[in-house]
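Student: Could you take me through the sheet in this model, and then show me what packs on it? I would like the cut-offs along the way, please.

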Amino acid sequence: MLQSALDFAFLLAVYEIRNYRLLRRAKYVRQVDGIKVYKIESNDPNAITVKSVLFGRCLVFIGEIDKKIYAHEEGHLKQPNFMLYFLLASAFAIAYSVLTVPLLLVLYKIMFWHFERDADLYAYYNYNVKFESDVERPAKRIERLKAWLFDTHPPDWVRKSEEYYDKKTNVLALFIRDLLS
């Protein structure tokens, strides 16, 4: 039990250091409904939602503050703090056996796909905001697999499809269909 607590403290410290480094780079803009809004200058618009034990709930906009991006990030603010729960579960699993790490990585990726899609669905059903991209689907499966594995969201060509916005469709089904077709 002590090992789990130490593992959790370590993982939480790493997560909070990441949050600190991100917020340190950003410029504070304002606070809206208890959510601190920050901005980082860039030509590539994006945003990051931070749900921190130490820093609270924050939105960090990269580039201009965009209403479409805000709609997606608002979806993340409505979600439970899955990172905290994941760190806690990871601490117990790692204390049980370090061999659980590969399984935890797979679980983390699947959870991330789910929560990112959930935020996209929130933006679509509440603000009629759909993801837009001109990225085409690669012909090679290995390129598609790399996009699924190494991006924080499902790939752009999947996010802009009609099937992606159907609540009945599972994100794992989208992953499998994309790789097998």
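Tutor: Happy to! In this predicted model, 4 strands form an open sheet with mixed pairing, in the order 1-2-4-3. Strands (E, at least two residues) and helices (H or I, at least four) are DSSP runs numbered from the N terminus, and two strands pair if DSSP finds at least two bridges between them. Strand 1 (27–32) and strand 3 (46–52) are at the edges with a single partner strand each, so one side of each has no neighbour in the sheet. On average, neighbouring strands are turned by 25° against each other, direction ignored; axes are lines fitted to C-alpha atoms, for helices over the stretch in contact, and angles run from 0 to 180 degrees between N-to-C directions.

Strand 1 runs antiparallel to strand 2 (residues 35–40), joined to it by 5 bridges. R30, for instance, has V37 of strand 2 as its bridge partner.

Helix 1 (residues 2–25) lies across strand 1, strand 2, strand 3 and strand 4 (56–62), at about 135° to strand 3.

A note on conventions: residues are numbered from 1 along each chain as its sequence is written. Local features need pLDDT of at least 70, side-chain atom pairs count only at pLDDT 80 or more, and totals for chains, interfaces and linings use all residues, while side-chain values use heavy atoms, leaving out hydrogens and water.

Definitions and conventions: Contact means heavy atoms within 4.5 Å.
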